Amino acid sequence: MKLTAKEQYGLRALVELAQRYGCGPVALSEIAQVQGLSLGYLEQVAAILRQAGLLISRRGAAGGYALTRPPGEITVGDVVRVLDGGIRLLPCLEERSTGGAACACAADCTRQAAWGRLQSRLELALGQVTLADLAAETHFKCVERKDDDGGKQYP
């Protein structure tokens with residue numbers, strides 16, 4: 001399995017936010033710089049993650065993005081499903097799960113069940129790895145920031 005560019009960007013940004021969880025919002029420009037990512041594309045990916053409820057954003061000088069839940073509650077599987085609709089190892093498995101047209105070999109396919117089991121195991125594995133697991137390798141120290149919104153806390 002190979003992660004798409006969208007999934008890689010999303011995971012790298014979310015792991016960066018997981019490392020900074022509890023420090024307040026982080027500007028996308030800072031994440032892009034630290035992670036070596038294109039800011040324009042990161043903005044597109046962040047919009048999808050925000051709409052899906054994985055990110056919260058705040059405008060203003062002390063604004064930025066933060067996770068909506070603790071890093072231990074967001075899995076790699078969650079991110080992959082939000083950004084690309086889930087794992088599909090073969091087109092025929094995608095068609096089977098969406099009720100679309102079967103591939104030309106579907107009636108006589110002896111391998112589809114085996115590939116389906118492999119896909120299920122991969123989905124299960126990705127559902128067991130959290131952002132906290134990925135972020136555990138790197139430690140980030142919070143830098144104090146002035147809060148300009150009357151003390152409202154952000155994760």
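Tutor: Buried means under 20% relative accessible area, exposed over 50%, and partly exposed in between (1.4 Å probe, protein chains only). The model is predicted, so local features need pLDDT of at least 70 and side-chain atom pairs count only at pLDDT 80 or more, while totals for chains, interfaces and linings use all residues. Residues are numbered from 1 along each chain as its sequence is written, and side-chain values use heavy atoms, leaving out hydrogens and water.

Student: Is Tyr41 buried, exposed or partly exposed?

Tutor: Tyr41 is partly exposed, because its relative accessible area is 27%. Tyr9, at 16%, counts as buried.

Student: How is an aromatic pair classified?

Tutor: Rings of Phe, Tyr and Trp (its six-membered ring) pair if their centres lie within 6.5 Å; planes under 30 degrees apart are stacked, over 60 edge-to-face, and the rest tilted. This structure holds 1 such pair. Tyr9 and Tyr41 are edge-to-face, with 4.9 Å centre to centre and 80° between the planes.

Student: Which residues have the most contacts inside the largest nonpolar core?

Tutor: In soluble globular proteins, nonpolar side chains tend to be buried together. A nonpolar core is a set of buried Ala, Val, Leu, Ile, Met, Phe, Trp, Tyr and Cys residues joined through side-chain atoms within 4.5 Å. Here the largest has 29 residues, and those with the most contacts inside it are Leu14, Leu17, Leu42, Leu55, Leu67 and Leu131.

Student: What does Leu55 contact?

Tutor: Contact means heavy atoms within 4.5 Å. Leaving aside neighbours within four places in sequence, the contacts of Leu55 include Leu14, Leu17 and Leu67.
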